[in-house]
Each structure stands twice: as structure tokens, then as C-alpha cells.
Amino acid sequence: LKFAIALCFCIHGNWPQFRGPNSDGHANEHKPPMQWSDTENVAWKTPLPGLGWSSPVIVDDRIYLTTAVPQGEGLSLRALSLDAKSGKVLWDREVTSVEKTPSIHAKNSHASPTPIVRDGVVYVHFGTLGTAKLSTDDGTIHWLCKELVYPPMHGSGGSPVLEDGKLVIVCDGSTNPFVAAVDAELGKIAWKTP
């Protein structure tokens with residue numbers, strides 16, 4: 001178990017995407033502890049399988065995150081939901097898998113982009129390996145898009161942004177990089193711009 005999350009304080013309100021509700025990294029009226037360790041200011045710890053550097057998001061006392069679990073020579077790319085008050089895993093869903101693990105930079109993971117939670121669904125992105133829309137209730141997969149194909153140089157890192165019903169995603173390949181929008185309702189590419 002290489003991935004673990006420890007909740008050391010409760011965020012007031014929701015933190016539904018990378019850098020928070022306003023994408024600015026600010027948690028209004030919140031005073032996090034100035035010191036913490038394995039035991040100090042930690043409410044709970046839950047060990048999780050695999051490796052994922054996505055930031056956890058929190059909506060309605062539920063945490064959502066991603067991880068990549070080794071599976072033979074390949075990977076199981078997963079989304080998880082945890083209870084924010086207890087750390088209990090509520091669901092753990094395989095989104096997709098690959099038979100051969102692609103190479104990435106040693107300082108990256110195959111689950112680095114941060115999920116987005118909006119209107120009862122969670123969007124997860126694993127770079128060129130897939131993007132998906134799941135139910136926040138039980139992780140049921142609504143759609144899986146594997147159309148964003150590009151040769152990543154270091155692996156994926158850019159978190160998607162949800163705007164006007166589209167997931168805007170930077171596809172920073174080693175050649176021919178582009179920005180794409182995936183229709184959030186249908187899971188199909190709406191547009192691509194070099």
C-alpha cells in the first residue's frame with residue numbers, strides 16, 4: 001500500500017476541484033493546524049492501494065480521489081470515495097486498465113490529475129489512458145472516453161476544468177500537443193486545438 005490519505009482537519013464547505021471551489025486555492029474562514037505529524041492533528045488514516053498524486057476533492061462529507069494499482073505488468077486505474085468523517089472507503093471502482101504500464105517520469109504517477117465533482121457525478125482523468133464520468137453515489141461509470149490519444153513525455157499532470165458543459169483538458173504530448181474539450185454529458189470530443 002503506497003498511497004494513504006490522512007484527514008487532519010475538516011474543510012468547511014465543498015472543495016470540488018483542483019485548487020478549490022473558485023480555482024484559487026483559498027479556503028475562506030478556515031484555520032488549518034500549524035503543526036502536524038503521524039499522530040498530531042490527525043482525525044483518521046486510511047491505507048489505500050496503488051499510487052496516485054491527484055489532490056483529493058471533498059463534496060458533502062465525501063472524499064473522491066484516484067489511484068493506479070499495479071496489476072501484473074499493467075495497471076488498474078481506479079476512482080475511490082471515502083467518508084470524510086471516518087475515512088471509511090465507500091466505494092472503489094476500476095475505471096479502466098492497461099496490460100502494459102506506460103513509462104512516465106519517476107516524479108509522477110499514472111493518477112495525477114485531480115477529479116471534479118459536480119451535480120452528483122465525479123469526472124476523473126488518467127491522461128491518454130482515459131477520462132470518465134461516474135456517479136458519486138456508488139461509482140457507476142456513465143461513460144469512458146479513450147479518444148484523447150497523444151504521446152505523453154512525463155505522464156499526465158494537468159487536471160481538467162469543467163466549463164459550459166465541457167471538460168477542458170491539456171494534452172501535453174511530446175509531439176503535436178493540443179487542448180481538447182470533452183462533452184461532459186456524452187463523453188465525446190467536442191473540439192481540439194493544436
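Which side chain makes a polar contact with the side chain of Arg 78? In this predicted model, the partner is Asp 92, with the two side chains meeting at 2.7 Å. A polar contact here is a pair of N or O atoms within 3.5 Å; within protein, one must be able to donate a hydrogen and the other to accept it, and residues adjacent in sequence count only if both atoms are side-chain atoms.

A few ground rules come first. Residues are numbered from 1 along each chain as its sequence is written, and side-chain values use heavy atoms, with hydrogens and water left out. Since the model is predicted, local features need pLDDT of at least 70 and side-chain atom pairs count only at pLDDT 80 or more, while totals for chains, interfaces and linings use all residues.

As for confidence, pLDDT (the predictor's own score for each residue, from 0 to 100) averages 88 over the protein, and 93% of the residues score at least 70. Residues 6-11 fall below 50, yet this stretch still has 17 contacts (heavy atoms within 4.5 Å) beyond near neighbours in sequence.

Back to Arg 78, which sits in strand β5, residues 74-83 (strands are DSSP runs of E, at least two residues, numbered from the N terminus). Arg 78 counts as buried because its relative accessibility is 17%, the cut-off being under 20% relative accessible area with a 1.4 Å probe and protein chains only. Leaving aside residues up to four places away in sequence, Arg 78 touches Asp 92 and others, including Leu 65, Val 95 and Phe 126.

Ile 116 belongs to strand β7, residues 116-118, and is buried, at 0% relative accessible area.

Definitions and conventions
Helices (H or I, at least four residues) and strands (E, at least two) are DSSP runs, numbered from the N terminus. Buried means under 20% relative accessible area, exposed over 50%, partly exposed in between (1.4 Å probe, protein chains only).
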